[in-house]
Amino acid sequence: MKIFFLGTPEFAVPSLKALAASPEHSVCAVITNPDQPSGRQLKLKPSPVKSAALELGLPVYQPEKFNTEETLEILKSSGADLLAVVAYGKIIGDKILAEFKDRIVNVHPSLLPAYRGVAPYQWALLNGETVTGVSIIYLVKKLDAGDIILQEKYDILPSDNAKTLHDKLSVMGAGLLCRAAGMIAGGTVQRAPQDDNSATYFKKIDKAMGKIDWNRPPKAISDLVRGLYSWPSAYAFFNSEMLKIHEAEPASEFSGHDLTPGTVITADEKKGFIIACGEKGALRVKTLQLASRNIQNFDSFLRGNKINAGIILN
């Protein structure tokens, strides 16, 4: 099957590479977002998908505006049997949807209809979910509402965070996308309509969400840390300086205290860095980072920073 690939971030790269390596399919070209300014000197940086596509020797298009007659003509003239969309970042307009009806598929990292929209795997962690997955759907005008072609579950591990889940689901999605393309080519798809009444949506992740409310129970704070790793990160303030927390877990052995939430229960190499939380619970901080410094485990952090038991983190 001849496939035109649309994608931009790192999440889409495994799907592009899997399709390009498949003996059953060929990628005829790639559309990705324009190069973006990056770094202090604001040099233009290609998207991860563009870099991967060029390594594969594939033609790359980067339209500033996607839903134009020019883009439609590029897609039509390619002779593509299928458009594969993986985190492209732009809405597919009516004309292209109509031209490629039932020939546009999308990789979405959730078990739809749950977690439609942006940041689905981050929100799964933030909400303390134990199961997530990937859905391959037909693309339609309504956000993430197309019929399901394939789904696969993933059991979230206690050690998973937004980075590990991103990486695992991107690889899972790549395999599912190749399978779905094969099913479409063979005419064996049994499409499953979504139940809109069961759909859930969540807002875009922003920096303000990272501020820790120590009145929450330790499990909720731990989920916040996992879901916002490594951006925008969960944070508190230590000596008026932002303290990002990258890894943490409930410390049940310190529960039952009567301390004000946010109080440092202990901060030493033997007992660790333990902070009082709501519901008389406690959180163990494992890796952390002061602003503009490197990420450290707590033992290393303690050698350069004095933290006294009894202080309260804002």
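Author: Start with one definition: buried means under 20% relative accessible area, exposed means over 50%, and partly exposed lies in between, with a 1.4 Å probe and protein chains only. This is a predicted model, where local features need pLDDT of at least 70, side-chain atom pairs count only at pLDDT 80 or more, and totals for chains, interfaces and linings use all residues. Residues are numbered from 1 along each chain as its sequence is written, and side-chain values use heavy atoms, leaving out hydrogens and water.

Reader: Okay. How many helices and strands does the chain have?

Author: There are 8 helices and 15 strands. Helices (H or I, at least four residues) and strands (E, at least two) are DSSP runs, numbered from the N terminus.

Reader: What box do the C-alpha atoms fill?

Author: Roughly 70 × 45 × 30 Å, along the principal axes.

Reader: And how much of the chain is buried?

Author: Buried residues make up 50% of the 314 residues. The accessible surface is about 15400 Å². Carbon and sulfur atoms hold 51% of that surface. Such areas come from the Shrake-Rupley method with a 1.4 Å probe; for residues, only the protein chains shown count as cover.

Reader: What share of the contacts joins residues 24 or more positions apart?

Author: That share is 67%, taken over contacts with a separation of 6 or more. Contact means heavy atoms within 4.5 Å.

Reader: New topic. How many aromatic pairs are there?

Author: The structure holds 7. Rings of Phe, Tyr and Trp (its six-membered ring) pair if their centres lie within 6.5 Å; planes under 30 degrees apart are stacked, over 60 edge-to-face, and the rest tilted. Among the pairs is Phe66 with Tyr88, which is edge-to-face. Their centres are 5.2 Å apart, with 65 degrees between the planes.

Reader: Where do Phe66 and Tyr88 lie?

Author: Phe66 is in the loop between strand E5 (60-61) and helix H3 (69-77), and Tyr88 is in the loop between strand E6 (82-86) and helix H4 (94-99), so the pair ties together parts 22 residues apart in sequence. Both residues are buried.

Reader: Why does the pair of Tyr115 and Phe202 count as stacked?

Author: Because the planes stand at 20 degrees, with ring centres 5.0 Å apart. Tyr115 sits in the loop between strand E7 (104-108) and helix H5 (120-126), while Phe202 sits in the loop between helix H6 (162-186) and helix H7 (218-227), so this pair ties together parts 87 residues apart in sequence.

Reader: Are those two buried or exposed?

Author: Tyr115 is buried, at 8% relative accessibility. Phe202 is partly exposed, with a relative accessible area of 29%. Ring pairs also link Tyr115, Trp123 and Phe202 into a cluster.

Reader: Which charged end sits over the ring of Tyr138?

Author: That of Arg191, 4.1 Å from the ring centre. The rule is NZ of Lys or CZ of Arg within 6 Å of the ring centre and within 35 degrees of the ring normal.

Reader: Back to the loop between E6 and H4. What does Lys90 touch?

Author: Lys90 lies in that loop and is partly exposed at 24% relative accessibility. Lys90 touches Asn33, Pro34, Pro63, Glu64, Lys65 and Phe66, not counting residues up to four places away in sequence.

Reader: Why is H7 called largely enclosed?

Author: Because 9 of its 10 residues are buried. What covers the buried residues of H7 includes H5, H6, strand E10 (234-238), strand E11 (241-250) and strand E14 (282-290).

Reader: What is the phi of Ser233, and of Ser240?

Author: Phi of Ser233 is near 80 degrees, and phi of Ser240 is about 65 degrees. Ser233 lies in the loop between H7 and E10 and is buried, with a relative accessible area of 2%. Ser240 lies in the loop between E10 and E11 and is exposed, at 73%.
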